[in-house]
Amino acid sequence: MNLFKLLAARTGVLDELDKIGALPSRRALLFGSSVLGTLWASKGRADPPPPVLNWMVQRLTMGFTGEELALAQAAGTAQDYLEYHLAYTAIDDSTLDQRLQSYPTLFMQPYELIPVSPAHIISELTEATILRSVLSKRQLFERMVEFWTDHFNIDINNGNARWLKTIDDRDVIRAHALDTFPALLSASAHSPAMLYYLDNASSVAGNPNENYARELMELHTLSVNGGYTQQDVIEVARCFTGWTVYPTNWPVETLRWTFRYNGAVHDNGAKVVLGHDIPAGGGINDGLMVLDILANHPSTAQFISKKLCKRFWSYDPPQSLIDDVAATYTATGGDIKEMLRTLFANPDPATVPPKYKRPYHLLVSGLRGAAADIVTTTGLRTQLAAAGQIPFSWGPPDGYPDTLSAWVGLILPRWNFGAALMNNNVSGTSVDINAFLAGVPNTAQGVADQIDTALFGGQMPPADKDRIRDYMLPDPPTTARKREALGLAIGSPGYQWY
């Protein structure tokens, strides 16, 4: 039986595929229709809702672990667990911090990166990002970093972003992920990586480039339906002329590749943005006024709130929840922590449909649940590329999508990952099955129970668990079967959802 048939048979998909006529080809699986993908993906939907603390762990982290559930239980309530993670600077992450010292480009200033190979910079940032997602104790912080990375997307393979995205990640996204939205927006507007990526670095009076102005309103603040016009795009572009970057040969070394306001090429004429008069002669304040107008616009409050609710609640969050979060945005000046407090004020898993893990989320959650040892991320990056979501590599400025339809077609890499991980075919990453099963009865049922506890917190869909248990029979299961069972659990229908 080939890999697809083995995985399909062991997770119950084979029966469903037989009903529609035939097994798909490998090519169909790689690029398969959303109908097939939804058929398989929907296998995890009908299960009872998890207890609220299990649900909170799934929502606030990059993947369930027993350690996280214990933290939630020790906190006592869902809100107390949320507060634990909101106070992220109080969470000891020194072990990870020490490991990250091995990636010196993470800590360099822009001018120090100029002579470094961009491939090396990209490699260090990507590896550090994966390690942070898997190993960080500050899991909600990492989830918010991922969220804002998508929101203020910059393709790391684009021009000078190959050097400067690592600065943007550190000084924009990570510095403000749980700060206020206006502070984050301002930091992004001053980011050399963003200024290059959306072409504002070359925008000058008389020839303003509209790319940043358009994406600033469409993707970063108001939304495409937020009430702006093409004339607003033109006026905003004029306001940001002269917002550029010091060149790599600037006489003052420490200024090279940092933000520069060049008043000599700024359009100092009067402007009108969204009905607000911007007087002539304002200089850099023109752009600052635009950021203030946009950050305080009701469309921005709605847009940011809806995106947060979609990411953490459901694909189609109730409008009442969005409105509550938007009201908090307005009342607090865009305080991100307060918005999350409002979002999770009344968590009830019974009323919230599960979400489908994006490829990055699936792989990271599998690594966390299996307690994988990561020496290097070489093999993991190959797996992520095959699954379609390697960090920082989404070309358009809208960020990796957060929709079911975007991901259900690419099935085979999701199945392959668990099998590859447990067959030692992911270079640089391994799982100690003996440590994973330490103290567990050497029976198919005992191993299945441990997989359920470690990966699902005891909430594994019974049908999935029964099939994985039966796969290991007769007792005692061999080591190979136990390894394969864990890999099958990572590829099982129920594990695709959270």
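Me: Where is the place of Asp-199?

Reply: Look in the loop between helix H14 (192–197) and helix H15 (211–220). Helices here are DSSP runs of H or I with at least four residues, strands are runs of E with at least two, and both are numbered from the N terminus. Before going on, note that this is a predicted model, where local features need pLDDT of at least 70, side-chain atom pairs count only at pLDDT 80 or more, and totals for chains, interfaces and linings use all residues. Residues are numbered from 1 along each chain as its sequence is written, and side-chain values use heavy atoms, with hydrogens and water left out.

Me: Does Asp-199 count as buried, partly exposed or exposed, and what is it in contact with?

Reply: Buried means under 20% relative accessible area, exposed means over 50%, and partly exposed is in between, with a 1.4 Å probe and protein chains only. Asp-199 has 30% relative accessibility, so it counts as partly exposed. Contact means heavy atoms within 4.5 Å. Leaving aside neighbours within four places in sequence, Asp-199 is in contact with Asn-209 and Asn-211. For a sense of scale, the C-alpha atoms of Asp-199 and Ile-451 are separated by 49 Å, and these residues are 252 apart along the chain.

Me: What can I say about Asn-262 in the same way?

Reply: Asn-262 is buried, with a relative accessible area of 17%. Its place is in the loop between strand E2 (259–261) and strand E3 (271–273). Asn-262 touches Gly-242 and Thr-244, not counting residues up to four places away in sequence. From Asn-262 to Tyr-246 is 9.2 Å, C-alpha to C-alpha, with the two 16 residues apart in sequence.

Me: Which residues touch the most other members of the largest nonpolar core?

Reply: In soluble globular proteins, nonpolar side chains tend to be buried together. A nonpolar core is a set of buried Ala, Val, Leu, Ile, Met, Phe, Trp, Tyr and Cys residues joined through side-chain atoms within 4.5 Å. The largest one in this structure has 82 residues, and Met-144, Trp-148 and Leu-340 touch the most other members.

Me: How many cavities does a search of the whole structure find?

Reply: Rolling a probe the size of a water molecule over the atoms shows where empty space is left. On a 1 Å grid over the protein atoms alone, a cavity is a set of points where a 1.4 Å probe fits but cannot get out, and lining residues have an atom within 4 Å of a point. Grid points are joined across faces, edges and corners, and a volume is the space filled by probe spheres set on the points. The search finds 3 cavities of 30 Å³ or more. Helix H11 (139–151) is one of the helices that supply at least two lining residues, and H11 gives the largest share, 5 residues.

Me: What classes of residue line the second largest cavity?

Reply: Ala, Val, Leu, Ile, Met, Phe, Trp, Tyr, Cys and Pro count as nonpolar, Asp, Glu, Lys and Arg as charged, and the others, Gly among them, as polar. The second largest cavity, with a volume of about 40 Å³, has a lining of 2 nonpolar, 1 polar and 6 charged residues. Among them are Arg-143, Glu-146, Lys-355 and Asp-402.

Me: Which residue forms a salt bridge with Lys-355?

Reply: Side chains of opposite charge can pair when their charged atoms come close. A salt bridge is a side-chain nitrogen of Lys or Arg within 4 Å of a carboxyl oxygen of Asp or Glu. Lys-355 forms one with Asp-402, the closest N and O atoms being 3.0 Å apart. Lys-355 is buried at 0% relative accessibility, and Asp-402 is buried at 15%. Both belong to a network of salt bridges that also links Arg-143, Glu-146, Asp-150, Arg-311 and Arg-358.

Technical notes. 1 Å grid on protein atoms, 1.4 Å probe; cavity = no way out; pocket = protein on both sides within 12 Å on 5 of 7 lines; lining within 4 Å.
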